[in-house]
Amino acid sequence: MGEDCLFCKIAAGQMDTEFLRETDSLVVFKDIHPQAPVHLLIVPKKHIRSINDLEEEDRGIVADLLFTARKMAADQGIDKSGYRLFFNVERGGGQLVFHLHLHLIGGWK
Ligand code: 5GP
Ligand code: ZN
């Protein structure tokens, strides 16, 4: 599953990507092409292609992504100023990496 998947490799620690946070279920790292002063990707370790491919058993993962986003926003000091969370879903939604990930962006002046 996900043998040629970039985010599977990153999440498995095979790409020397620095993690801002790692838990049993997910990793957090900086986007390589940031769209804002803060741009983090919150990525489940399980290979799930997109929101369309979520299964009932993934409810806990989705909750982990959101609670982690809230924590990371606070850690980055952008919780009060505000931030944006989004999932791109499939090509028409702008998805380029087909392994579920939640974008956290913010930190504008
Ligand atoms: P998508 O368009 O699929 O929602 O977002 C994929 C994101 O992954 C893009 O914002 C892109 O800059 C980021 N990205 C792609 N390859 C890498 C990589 O090798 N390392 C990191 N840190 N980010 C990546
Ligand atoms: Zn994957």
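**Strand pairing, zinc site and surface contacts**

Strand β5 (residues 102-106) is mostly covered, with 5 of its 5 residues buried. Buried denotes under 20% relative accessible area, exposed over 50%, and partly exposed the range in between (1.4 Å probe, protein chains only). Strands (E, at least two residues) and helices (H or I, at least four) are DSSP runs, numbered from the N terminus. The model is predicted: local features need pLDDT of at least 70, side-chain atom pairs count only at pLDDT 80 or more, and totals for chains, interfaces and linings use all residues. Residues are numbered from 1 along each chain as its sequence is written, chains are lettered from A and ligands numbered from 1 in the order in which they are written, and side-chain values use heavy atoms, with hydrogens and water left out.

The side chains of β5 fall into two sets. Leu102, Leu104 and Gly106 point one way, His103 and Ile105 the other way, and all are buried. Strand β5 pairs with β3 in the antiparallel sense, over 5 bridges. Two strands count as paired if DSSP finds at least two bridges between them. In this pairing, Ile42 stands opposite Leu102 of β5. Strand β5 also pairs with β4, again antiparallel, over 4 bridges. Here Arg84 has Ile105 of β5 as its bridge partner.

Strand β3 has another antiparallel pairing, with β2, over 5 bridges. Phe29 stands opposite Leu41 of β3. Strand β2 (residues 26-30) has 4 of its 5 residues buried, so it is largely enclosed by the rest of the structure. Strand β1 (residues 21-22) runs antiparallel to β2, and 2 bridges join them.

The zinc ion (ligand 2) is coordinated by Cys5 (SG), Cys8 (SG), His47 (ND1) and His99 (ND1), at 2.0 to 2.3 Å. Donors are N, O and S atoms within 2.8 Å of the metal (3.2 Å for Na, K and Ca); water is not among the atoms, so sites may look incomplete. The 4 donor atoms subtend angles of 104 to 117 degrees at the zinc ion (ligand 2), which makes the arrangement tetrahedral. Four donors count as tetrahedral if all angles lie between 85 and 135 degrees. Along the chain, the donors of the zinc ion (ligand 2) follow the spacing C-x2-C-x38-H-x51-H. Distant parts of the chain are linked by Cys5 and His47, which are 42 residues apart. Cys5 lies in the segment before α1 (6-11), and His47 in the loop between β3 (38-44) and α2. Cys5 counts as buried, at 10% relative accessibility.

A search of the whole structure finds 7 salt bridges. A salt bridge is a side-chain nitrogen of Lys or Arg within 4 Å of a carboxyl oxygen of Asp or Glu. One of them joins Lys46 to Asp58, with the closest N and O atoms 2.6 Å apart. Both residues lie in the loop between β3 and α2, so the pair ties together parts that are 12 residues apart in sequence. Lys46 is partly exposed, with a relative accessible area of 27%. Asp58 is buried, at 2%. The C-alpha atoms of Lys46 and Ala36 are 27 Å apart, with the two residues 10 apart along the chain.

Arg59 forms a salt bridge with Glu56, the closest N and O atoms being 2.7 Å apart. Both Arg59 and Glu56 are exposed. In helix α2, Lys71 and Asp75 meet in a salt bridge (3.5 Å, N to O). These two residues are 4 apart, so about one helical turn separates them. Lys71 is partly exposed, at 36% relative accessibility. Asp75 is also partly exposed, at 48%. Salt bridges that share partners join Lys46, Glu57 and Asp58 into one network.

Leu66, Phe67, Tyr83 and Leu85 make a nonpolar surface patch of about 370 Å². Elements giving two or more residues to this patch are α2 (59-75) and β4 (83-86). Patches are made of residues with over 30% relative accessible area and no salt bridge; like charges are joined within 9 Å, nonpolar side chains (Val, Leu, Ile, Met, Phe, Trp, Tyr) within 5 Å. Accessible areas come from the Shrake-Rupley method with a 1.4 Å probe; for residues, only the protein chains shown count as cover. Leu85 is found in strand β4. At 34% relative accessibility, Leu85 counts as partly exposed.

How values were computed:
Tetrahedral: all angles 85-135°; square planar, octahedral: opposite > 155°, others 65-115°.
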